[in-house]
Amino acid sequence: MRAAVLHETGQDTLEVLDDVEAVGFGPGKVRMRVRATGLCHSDLSAMSGVLPQPAPFVPGHEGAGEILDVGDGVTGLHQGDRVLMCWLPACGSCASCKRGQTHLCLAGFLNAGTPNFRRAGGEVFGFAGTGTFAEEVVVAANCAVPIPDDVPYEIAALIGCGVTTGLGAALNTARVEAGSSVAVIGCGGVGIATIQGARAGGAAQIIAVDPVAARREAALRFGATEALAPEEFADAKARITAGEGFDYVFEVVGRSATARTAYEMTRRGGTLCIVGAGALDDTFQVNMFELFFDEKRILPSLYGGADVLRSYERAIALWRAGRIDLEGMITHRVRLDEVNDAVDQMRTGTALRTCIEI
């Protein structure tokens, strides 16, 4: 089959090969035909080495498709079922799952170290244990989540990561209150989903901050009340909040510098929510006095900060009700053999989400 492969960490481009085989099918596994997948910034971070991922690997973790085959012992899934890919599935039995924090279950991470593709040159990994930049993928059965018939594959793919992450940061982790002031730093796909989550939560002011003019314009369409370049942010704090700072500030970039800016833009007693995935060696610093004196809540948010399956259901419900716009987030569509166009669109900021149609 065809799949897009990154041969070495640090390379800028992917190679689409036609001699890749999805391997590992057996008890407890399903074989999935990928129909649509999104390019998430985490894929680029894995390609560059910011996020740890063995190479060679097939990127992609935000996908949807249909079940081709079901292994022994699998229940609740059947050939032909329409599913989205959950890259961080819950085992249901660990301490995190028993506490109801299924998004903190580590079982899914164990899949990342097992190659699930093969070609003549040897074994190939799938990013985050998945690898949806391929025509087919074999995954654990709990990675495949059935979707209703009225949810298109491309919408389901977005819900599989970026939409769930952004909506959940606003509604689950930060719990944005009605009438509050919100600032979102970084307005790619996850940032736009965070803006939509803040709007759904009833925020009165939503300030979008991004260096790319096209993304700022897009943020206004998705619910931001004002969109600013980074150099305008400090003046906006003085103008909008009388210098006090915003009730909620979301960092959706994954860098210590923007996290520090977000901290400074958060009011005393307010909430800083870290959504961006950063590097292991990039340290965010807060001194002990300000940490004590300002009483700002610093809340990291992983994959929406709550039970993933419930988050999927809520995203679908909000989409059906017209409360969030998911179709509009897909600004570009490409074929698998054009995957490097999607990479360029992400790097330059010209796309919110590119859907790769397979």
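Visitor: How many cavities of 30 Å³ or more does the count come to?

Guide: A cavity is a set of points, on a 1 Å grid over the protein atoms alone, where a 1.4 Å probe fits but cannot get out. Here the count comes to 1 cavity of 30 Å³ or more. Before going on: this is a predicted model, where local features need pLDDT of at least 70 and side-chain atom pairs count only at pLDDT 80 or more, while totals for chains, interfaces and linings use all residues. Residues are numbered from 1 along each chain as its sequence is written, and side-chain values use heavy atoms, with hydrogens and water left out.

Visitor: How much space lies in the largest cavity, and which residues line it?

Guide: A volume is the space filled by probe spheres set on the grid points, which are joined across faces, edges and corners. The largest cavity holds about 40 Å³. Lining residues have an atom within 4 Å of a point, and for this cavity they are Val-163, Thr-164, Leu-167, Gly-168, Ser-311, Arg-314 and Ala-315.

Visitor: Which helix gives the most to that lining?

Guide: Helices are DSSP runs of H or I with at least four residues, strands are runs of E with at least two, and both are numbered from the N terminus. Helix 5 gives the most, with 4 residues; helix 5 (162-173) and helix 11 (308-320) each supply at least two. By class, the lining has 3 nonpolar, 3 polar and 1 charged residues. Ala, Val, Leu, Ile, Met, Phe, Trp, Tyr, Cys and Pro count as nonpolar, Asp, Glu, Lys and Arg as charged, and the others, Gly among them, as polar.

Visitor: And what about the second largest pocket: where does the largest share of its lining come from?

Guide: A pocket is an open set of points with protein on both sides within 12 Å along at least five of seven lines. Of its 20 lining residues, Asn-142, Val-145, Val-308, Leu-309 and Tyr-312 are the closest to its centre. Helix 11 provides the largest share, 5 residues.

Visitor: At what angle do helix 8 and helix 9 pack?

Guide: Axes are lines fitted to C-alpha atoms, for helices over the stretch in contact, and angles run from 0 to 180 degrees between N-to-C directions. Helix 8 (residues 233-241) and helix 9 (residues 256-265) pack at about 15°, with axes 11 Å apart. Angles under 35 degrees count as roughly parallel, so these two helices are roughly parallel to each other.

Notes. Parallel < 35°, antiparallel > 145°, perpendicular 65-115°, else oblique.
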